[in-house]
Amino acid sequence: MKSEYEKMIHGECYNSLSEEILIHVRKARVLTDKLMEHKNDEDKKSHIIKKLFGSTGEKVSVNPPFTCDHGKHIHVGENFFANYDCTIMDACDIRIGDNCLLGPKVSIFSVGHPVDAELRVKGLAVAKPVTIGKNVWIGGNSVICPGVTIGDNVVIAAGAVVTRDVPSNVMAGGNPAKIIRKL
């Protein structure tokens with residue numbers, strides 16, 4: 001029988017309130033709290049991010065406050081930058097390519113909850129991976145929803161809500177996000 005954690009990372013319905021899951025969340029909170037403690041020290045922040053995330057490029061920068069569920073399911077490439085107040089809910093893999101910039105208050109969610117209220121009350125959730133290509137800029141206050149893939153060389157306009165895949169070499173924006181133009 002699969003554990004709740006195994007169900008979570010494999011995209012199956014799981015109990016998000018289980019102690020097994022909450023242990024991982026608490027560990028991530030300790031590290032995100034340390035980011036705030038060292039908000040003015042780039043070297044210490046980079047060291048903390050490298051401990052928190054599953055994998056990183058050599059050069060990574062995050063401006064706290066920063067929030068994540070687990071941290072270890074976040075994989076970022078070289079030259080990753082997240083501006084202030086970003087949230088990455090990483091119940092399963094979130095993979096972000098090289099040279100990606102996240103504006104302030106960007107939210108990336110790999111997890112969602114059932115529409116059925118009775119199931120939500122029980123704490124059930126389901127996770128779907130998010131993939132973001134290389135050379136992507138996501139404007140401030142944008143939301144990337146579970147299961148979305150964003151191609152390479154993409155600009156997501158500020159305030160966009162990305163609910164569906166976005167191909168490479170385009171600008172997308174709006175709610176729900178649509179292709180605005182080719183780049």
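**View 1. Strands β5 and β8 pair side by side in the parallel sense.** In this predicted model, β5 (residues 80-82) and β8 (residues 101-102) are joined over two bridges, where strands are DSSP runs of E with at least two residues, numbered from the N terminus, and two strands pair if DSSP finds at least two bridges between them. Within this pairing, phenylalanine 81 has leucine 101 of β8 as its bridge partner. Strands of a sheet pair through backbone hydrogen bonds, either parallel or antiparallel. Both strands belong to an open sheet of seven strands with mixed pairing, in the order β2-β5-β8-β13-β16-β18-β19. Because β2 and β19 (178-182) stand at the edges with a single partner strand each, one side of each is left without a neighbour in the sheet.

**View 2. Asparagine 63 sits in the loop between β2 (60-62) and β3 (66-68).** Asparagine 63 is buried, with a relative accessible area of 12%; buried means under 20%, exposed over 50%, and partly exposed in between, using a 1.4 Å probe and protein chains only. Not counting residues up to four places away in sequence, asparagine 63 touches several residues, including Glu42, Lys45 and Phe81, where contact means heavy atoms within 4.5 Å.

**View 3. The whole structure contains zero disulfides.** A disulfide is a pair of cysteine sulfur atoms within 2.5 Å, whereas the sulfur of cysteine 13 is 13 Å from the closest cysteine sulfur, in cysteine 92, too far for a bond.

**Notes.** Residues are numbered from 1 along each chain as its sequence is written. The model is predicted, so local features need pLDDT of at least 70 and side-chain atom pairs count only at pLDDT 80 or more, while totals for chains, interfaces and linings use all residues, and side-chain values use heavy atoms, with hydrogens and water left out.

Key
Helices (H or I, at least four residues) and strands (E, at least two) are DSSP runs, numbered from the N terminus.
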